[in-house]
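Please examine the structure shown here together with its sequence. The report that follows describes how its parts are arranged.

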Amino acid sequence: MKQTYDVIIIGSGPGGLAAAIAAKENGAEDVLIIERDVELGGILVQCIHNGFGLELFDKDMPGPAYAQYFIEKVKGLGIHILMDTMVLDITSDRKIYAINKDQGYIELNARAVVLAMGCRERTRAQILLPGARPAGVYTAGTAQRFVNVEGHMPGEKFVILGSGDIGMIMARRLTIEGARVERVLEIMPYLTGLTRNYVQCLLDYGITLQKQRTVNRIIGRNRVEAIEAVSVDEKWNPISGSKEIIPCDTLLLSVGLIPENELSKKAGVLLDPITNGPYVDDRFMTNVPGIFAAGNVVHVYDLVDWVTEAGYVAGKGAAQFAQSEKIKAGPQIALEAGENIRYVVPHTLDKDHLAEDLVRLQMRAIVPIEERVLVTVEDQNGAVIAKKGEAYARPGEILSLVIKPNAYEAVQKATSLKVNVRKR
Amino acid sequence: MTEVSEIICVACPKGCPLQVRYEGDKVLEVLGAGCQRGKDYAICELQDPRRMVASTVKVKGGLHPLVPVYTRSAFPKPLIPQLAQALRQVEMPAPVVIDQVVLENALGTGIDIIASRDMPEAS
C-alpha cells in the first residue's frame, strides 16, 4: 500500500464521493477515500426514500440509487478505497493516522485532504430532555438505520420530537411498516424540515403535527411508557394547563444535526460557532492550507444535490492544491450575513476565482418570510452584485444564490459583500 | 359549480402552494405552480393521487438482511397500505442488483417494484 497520496478524502458519503471524483478528474493521480463503514455511501445507504437527484439530474432517485451512481463512478476512475478504517488523527501538515483490522496502525501523507465526515444528530443530552431514562429513546437517524438497513423495528407506538426532515420521513416509514405514530411535536412556531415532507410524510398518513409544543418529561422505568407534552411560549417556557400525557413505547428525536469536526479540530481547523463547521473560502479550503471540507461537515444542507456540488468544488480545489502545493489565489473578501441572514457559506470569496468559475452561496434565513422575497449580494454602497427571487424564505430551507463570472468587475471594486433577504 | 382546492406541490423540494380551480373531475386552472411539473401534479392530485413509495424487502444471504426498493413510477395513494403489506411477504435471494424487479405488476397496477441498490452476498 502507498504511503503518500495526492488527495485523501475522509468519508464516503455524497460529499466525499463527489470530492474523490472531482479530484481525479482535475489531475490528482493518487486519490484515496478512507471510510469507517464496510461499504461506501455514508448515510445515503439508510435514506431509502425518494427525492434525491432532482436538482442535479432532474431525476427522482432513492438515496441508495443516488449513492450507487457515484460509487460506480469512483470505482471506474481507479480511486483507492480503504474500507472499515477509522481515522484517529490528522495533523496540520496533512499526516493521517488510521487503524483497521487488516493493516493495524496506518500512517499516510496527503498533499491535500478533503474532510467529508458529514454530521451527527443532536441527542437527548444536548437538548436537556428531563424525565426518567428508560429504553426506547432514539435519535431518528438511529431508528432509520435499524428499520431500513438492519431490519429491526424499535417500537410500536411512537412520538417524534422535532419536525426535521429525518423525523417526518421516519414518521411515514414507521407507518408503512405497521407502527403507529401518535404525534410529531415541534418546539418552534414553524416547520424545521421541508414543506414537501410535511405534505407527503405527515398529511398523507394522517399524522398530527403540533407546533410550539415539546416533551416536558419522559415517563417509564425500564421502557418508555408515555411522554408528557406541553405547549411553550416564544421563550420556550411551558404554558400552564397545556400538559398532555401521550402513551407510547418509543420517542424519536429529530432535533437537529451538528457537523462532525472532531478530526478537523485536531488538524487546527477553525470552526464557525454559528454553522459548527470550518470557516471556508469559495474553494471550500479551511484556514489550514491544503485541508478542504465538503458537505455537511461544513454546514448542514437540506438537499443532497448541493452536498455533491460542494464535494465537486472541494475535490477540484484539493487536486489543484496537490499539484502546486498552493492555490494561485487573488485577494479575499468576506461574505457577511446581512439582513435576516444567519450565515453564509462560503465565508470568504477569492476575487479572482470568478474569472474561471461561478461561485454558489448558501445561507439560512433567521425568521420566516411567507411572501415573495429577494435575496441579494450587495457591496459597501448597497449596489446589487447578484440577486435571486424566491417565493418565500424559511429558516428550515437553505437559500441558494450564484455569483456569475459576469459580476467579476463589480466584485473587484467591492470592499465588502453582504447577503440580505428582504420582502420584495 | 367551480370549486377551489389549495394544495402544496411535492414534485420537487420547492413546495409551491397551488390553488386548483375545478368543476367535478375537470381542472379549470392551476395557480401558483413554478413549473409545468407542478401543474401536472395538481391535476393528478385531484383526479388520481399518486406517490413514489419506498420500502424494503428481506434478502437471504446478503451483506444486509434487507434491500431497499421503490416503485418504478408514482403509485396510487389509496393502495399504499396494501402495497406495504405485500412487500412484507417478499424475500429475495442474494445477490440482488439495482433496478431488479422484486414485485412485478404490484396489486395489478402495472407498476413494478424495483431494488434501489445492489445487495451483494455476505462475504
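**Basis of the description**

This is a predicted model, in which local features need pLDDT of at least 70 and side-chain atom pairs count only at pLDDT 80 or more, while totals for chains, interfaces and linings use all residues. Residues are numbered from 1 along each chain as its sequence is written, and chains are lettered from A and ligands numbered from 1 in the order in which they are written.

**Domains**

Domain bounds here come from an automatic or database domain assignment. For chain A, this gives domain 1 (1–121 + 257–328), domain 2 (123–255) and domain 3 (330–424). Taken over C-alpha atoms, the centres of domain 2 of chain A and domain 3 of chain A are separated by 35 Å. Between these two domains, 5 residues of domain 2 of chain A are in contact with 4 residues of domain 3 of chain A; residues are in contact if their C-beta atoms, placed from the backbone, lie within 7 Å. The side of domain 2 of chain A that touches domain 3 of chain A has 3 nonpolar, 2 polar and no charged residues. In this classification Ala, Val, Leu, Ile, Met, Phe, Trp, Tyr, Cys and Pro count as nonpolar, Asp, Glu, Lys and Arg as charged, and the others, Gly among them, as polar.

Chain B is assigned domain 1 (3–47) and domain 2 (54–115). The C-alpha centres of these domains of chain B lie 29 Å apart.

Helices (H or I, at least four residues) and strands (E, at least two) are DSSP runs, numbered from the N terminus. Axes are lines fitted to C-alpha atoms, for helices over the stretch in contact, and angles run from 0 to 180 degrees between N-to-C directions.

Helix α4 (residues 165–176) of chain A packs against helix α5 (residues 195–202) of chain A at an angle of about 15 degrees, with the axes 8 Å apart. The helices α4(A) and α5(A) are therefore roughly parallel to each other. Angles under 35 degrees count as roughly parallel, over 145 as roughly antiparallel, 65 to 115 as roughly perpendicular and the rest as oblique. The crossing of α4(A) and α5(A) is left-handed, a term used if the near helix is turned anticlockwise from the far one by less than a right angle, with right-handed used if clockwise. Among the residues that meet are A:Met168 and A:Ile169 in α4(A) and A:Tyr198 and A:Leu202 in α5(A). By class, this contact of α4(A) with α5(A) has 6 nonpolar, 1 polar and 2 charged residues.

Which way do helix α1 (residues 14–25) of chain A and helix α7 (residues 304–324) of chain A cross, and at what angle? Their axes come within 7 Å and cross at roughly 40 degrees, which makes α1(A) oblique to α7(A). The crossing of α1(A) and α7(A) is right-handed. The contact includes A:Gly15, A:Gly16 and A:Ala19 of α1(A) and A:Gly311 and A:Ala314 of α7(A). Its residues divide into 15 nonpolar, 5 polar and 1 charged.

**Strands and sheets**

Two strands pair if DSSP finds at least two bridges between them. The table lists strand pairs.

| Strand pair | Bridges | Sense |
|---|---|---|
| β1 (residues 4–10) and β6 (residues 104–115) of chain A | 6 bridges | parallel |
| β5 (residues 95–100) and β6 of chain A | 6 bridges | antiparallel |
| β6 and β17 (residues 291–293) of chain A | 3 bridges | parallel |
| β21 (residues 359–365) and β24 of chain A | 5 bridges | antiparallel |
| β6 and β10 (residues 113–115) of chain B | 3 bridges | antiparallel |

A:Val113 of β6(A) is the bridge partner of A:Ile8, and A:Val113 is also partnered by A:Ile291 in β17(A). The strands β5(A) and β6(A) form a hairpin with 3 residues between them.

In chain A, 3 strands form an open antiparallel sheet in the order β19-β21-β24. There β19 (341–345) and β24 (399–403) stand at the edges, each with a single partner strand, so one side of each is left without a neighbour in the sheet. Neighbouring strands of this sheet are turned by 25 degrees against each other on average, direction ignored.

In chain B, 5 strands form an open sheet of mixed pairing, in the order β8-β5-β6-β10-β9.

**Contact between the chains**

The contact takes 22 residues from chain B and 23 residues from chain A. On the side of chain B, β5 (54–60) and β6 (66–71) each supply at least two residues.
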